[in-house]
Amino acid sequence: MAKEMEVLNALDVAKTQLYHFTAIVIAGMGFFTDAYDLFCISLVTKLLGRLYYYKEGSPDPGSLPSNVSAAVNGVAFCGTLTGQLFFGWLGDKMGRKRVYGLTLMVMVICSIASGLSFGKDAKAVMATLCFFRFWLGFGIGGDYPLSATIMSEYANKKTRGAFIAAVFAMQGFGILAGGMVAILISAAFKAKYPSLPYKYDPIGSTSPQADYVWRIIVMFGAIPALLTYYWRMKMPETARYTALVAKNAKQAAADMSKVLHVELEAEQEKTEVKGNDFGLFSKQFLRRHGLHLLGTTATWFLLDIAFYSQNLFQKDIFTAIGWIPKAKEMSALDEVFRIARAQTLIALCSTVPGYWFTVAFIDRIGRFAIQLMGFFFMTVFMFALAIPYHHWTLKANRIGFVVMYSLTFFFANFGPNATTFVVPAEIFPARLRSTCHGISAAAGKAGAMVGAFGFQYAEKAIGVRNTLIILGVVNFLGMVFTFLVPESKGRSLEEMSGEAEEENGDAIELSQHTGHDIRTAPV
């Protein structure tokens, strides 16, 4: 093994410092916003149906037609997939920092624009909402590869997994915030504009002011993103990108010395790269990383089918088991309040703890073990819900159903939902890291679209029970594909990607790499 560039080695052994936590917050607030924006729509789709698709004389409140519902729920995923591929590639071409602020501004503008979707006519509102949610998703997509790559390249190898997982864990708080904002706003409007359930007053049950409720909930996601924009712009480019891709060790040393209490003096300004410059579509990449990329894409694809179909259709499952009353027994704002309360409870009891269990244990038991365990328990709980499904619909067993359902979320988050995000940021070469993470994440969003679009129809065509059985099979396949993903615990990024290898001229070497003074100073 060649002697690794000392500037990178210094990062691998650097003590955990304040700036590491600052970077987690800066990157994490992007993910907080991502989760809020992606999941808050599921809280207001029932309200959109009541507002824009009310039919006079109907025994039930208005609801979104299935094609409109699928579009509203799923269009952001289409944008996210596109954004992951585009910004993943751009992050490797232009540098992580240069495109990092751009993704955030797209998210802020489109969050606000989604809430301002204009027109009283249903088609106009839905069309503009879908248009802006597509571009919102595009910005969110860029956050995936860039945040993961930046955090992996800043971190030391001892706690790298926990740092990347902590960025991703902010999603849990985003989902939680979505539910809490919906509860507060719907409760405030309910108190100010009380209305009877639909069965007693079909028209009056949906007050005209309810139109403001969904808009405020959707637009609120812009606030945390806007607050972190300045700090994103202040972050220096990562040392690994500057040294390995831009090939400027001197600048890398200078950048890291500013923020990480690591004193580095790089005598040589330019590094030389020998041999290890193969591209994404080369035979060498296929030989070294082909199976790894298949593993990261397949596991993320399969996970997101299950994860997003569960998340987006929680409200339907809660209604099916009687946890939320039938729509006609509630007013419009009461329905928003109850759906938000149920989803907040699930997030609080299982989603958020699951993420932070991963943060606590990922550098102790490793990525592979957590991912395999997560998929295994998701499979077990999904079949345990599906096979005796009638048993769970009985009133006496509803609490048991919610507990089991929560456990599938817990093991999704203390499992593959976190690890599929972490691993692609660790195992590919620096010049392809952001691209490969973007490809893996895009495969995940393709799975999310299958979950959002496919299961919308599957649930109606084959019922909740059979849908849950299919999800159980999907989780089992995820367990199988996990065996293609290597363990990266405790190993440097250059070791994992092969950039530290000397054999066959594949190593990265400095042409003159002497006289470096490297001291890691305590905080």
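A residue is called buried when its relative accessible area is under 20%, exposed when it is over 50%, and partly exposed in between (1.4 Å probe, protein chains only). The model is predicted, so local features need pLDDT of at least 70 and side-chain atom pairs count only at pLDDT 80 or more, while totals for chains, interfaces and linings use all residues. Residues are numbered from 1 along each chain as its sequence is written, and side-chain values use heavy atoms, with hydrogens and water left out.

**Exercise 1. Decide whether Glu335 is buried or exposed, and list what it touches.**

Step 1: Find Glu335 in helix α13, residues 332–365. Helices here are DSSP runs (H or I, at least four residues), numbered from the N terminus.

Step 2: Glu335 counts as buried because its relative accessibility is 5%.

Step 3: Contact means heavy atoms within 4.5 Å. Leaving aside residues up to four places away in sequence, Glu335 touches Lys46, Arg50, Ala327 and Met330.

**Exercise 2. Describe how helices α3 and α4 pack.**

Step 1: Locate α3 (residues 66–94) and α4 (residues 96–115).

Step 2: On the α3 side, the contact uses Phe87, Leu90, Gly91, Asp92 and Met94; on the α4 side, it uses Arg96, Arg98, Val99, Leu102 and Thr103.

**Exercise 3. Which salt bridges does Glu153 form with Arg96 and Arg433?**

Step 1: A salt bridge needs a side-chain nitrogen of Lys or Arg within 4 Å of a carboxyl oxygen of Asp or Glu. The count by this rule is 15.

Step 2: Between Glu153 and Arg96, the closest N and O atoms are 2.7 Å apart. Glu153 lies in helix α5 (residues 122–154) and Arg96 in helix α4, so this pair ties together parts 57 residues apart in sequence. Both Glu153 and Arg96 are buried.

Step 3: Glu153 also meets Arg433 in a salt bridge, at 2.6 Å from N to O. Arg433 sits in helix α18 (residues 430–481), 280 residues from Glu153. Arg433 is buried, as is Glu153.

How values were computed:
Axes are lines fitted to C-alpha atoms, for helices over the stretch in contact, and angles run from 0 to 180 degrees between N-to-C directions. Helices (H or I, at least four residues) and strands (E, at least two) are DSSP runs, numbered from the N terminus.
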